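Try each task yourself before reading the solution.

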Amino acid sequence: MIGIDLVFVPEFEQQLKAGGETFMRKAFRVSEPLSDKAEHLAGMWAAKEAVMKAATVQPDKWTDIVISHDSEGRPHAHINERVFEISIAHHGDYAVAVAQEINI
């Protein structure tokens, strides 16, 4: 299964301001590579949404989806032992991500 998500960065930035630290704690783990830039966080959020859509079994909470990067800087995600290839892109006011579960 493949998942995709598109985020409108200005709208996401408003959600960040409204939700503040509470949203950040519910959406991201401390171990995830985060920046305070809205476009970066929008890309990470799009990746989590794409993983959620690609997952055959839904996680209990957003922090169950963990995004990290390999030694070459390529992003990937996992939910427990399930691994997902992901691609994140930004252009203008939009961030997009695609995810696909892989068998390892």
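This is a predicted model: local features need pLDDT of at least 70, side-chain atom pairs count only at pLDDT 80 or more; totals for chains, interfaces and linings use all residues.

Residues are numbered from 1 along each chain as its sequence is written, and side-chain values use heavy atoms, with hydrogens and water left out.

**Exercise 1. Sketch the fold and its overall dimensions.**

Step 1: get the elements. Helices (H or I, at least four residues) and strands (E, at least two) are DSSP runs, numbered from the N terminus. That gives two helices and five strands, in the order β-α-α-β-β-β-β from the N terminus on.

Step 2: check the size. The radius of gyration, taken over C-alpha atoms, is compared with a globule rule of 2.2 Å times the number of residues to the power 0.38. The protein comes out at 13 Å, close to the 13 Å the rule gives for 104 residues, so it is as compact as a globular protein of that length. Along the principal axes, the C-alpha trace spans about 40 × 25 × 25 Å.

Step 3: look at burial. Buried means under 20% relative accessible area, exposed over 50% and partly exposed in between (1.4 Å probe, protein chains only). Of the 104 residues, 38% count as buried.

**Exercise 2. Find the aromatic pairs and describe two of them.**

Step 1: set the rule. A pair of aromatic rings is described by the distance of the centres and the angle of the planes. Here, rings of Phe, Tyr and Trp (its six-membered ring) pair if their centres lie within 6.5 Å; planes under 30 degrees apart count as stacked, over 60 as edge-to-face and the rest as tilted. The tally by this rule is seven aromatic pairs.

Step 2: take Phe8 and Tyr94. Their ring centres are 5.2 Å apart with the planes at 45°, so this pair is tilted. Phe8 sits in strand E1 (residues 2-8) and Tyr94 in strand E5 (residues 94-102), so the pair ties together parts 86 residues apart in sequence. Phe8 is partly exposed at 35% relative accessible area, and Tyr94 is partly exposed at 41%.

Step 3: move on to Phe28 and Trp45. This pair is edge-to-face, with 6.5 Å centre to centre and 75° between the planes. Phe28 is in the loop between helix H1 (9-27) and helix H2 (38-54), while Trp45 is in helix H2, 17 residues away. Both residues are buried.

Step 4: join up the rings. Ring pairs link Phe12, Phe23, Phe28, Trp45 and Trp62 into a cluster.

**Exercise 3. Which residues does Ala38 contact, leaving aside its neighbours within four places in sequence?**

Step 1: locate Ala38. This residue lies in helix H2 and is buried, at 9% relative accessibility.

Step 2: list the partners. With contact meaning heavy atoms within 4.5 Å, they are Val9, Phe12, Glu13 and Leu16.

Step 3: check one backbone distance. The C-alpha atoms of Ala38 and Val9 are 6.7 Å apart, although 29 residues separate the two along the chain.

**Exercise 4. Is Asn80 buried or exposed, and what is its phi?**

Step 1: read off accessibility. At 64%, Asn80 counts as exposed.

Step 2: check the backbone. Phi of Asn80 is near 55°, a positive value in a residue other than glycine.
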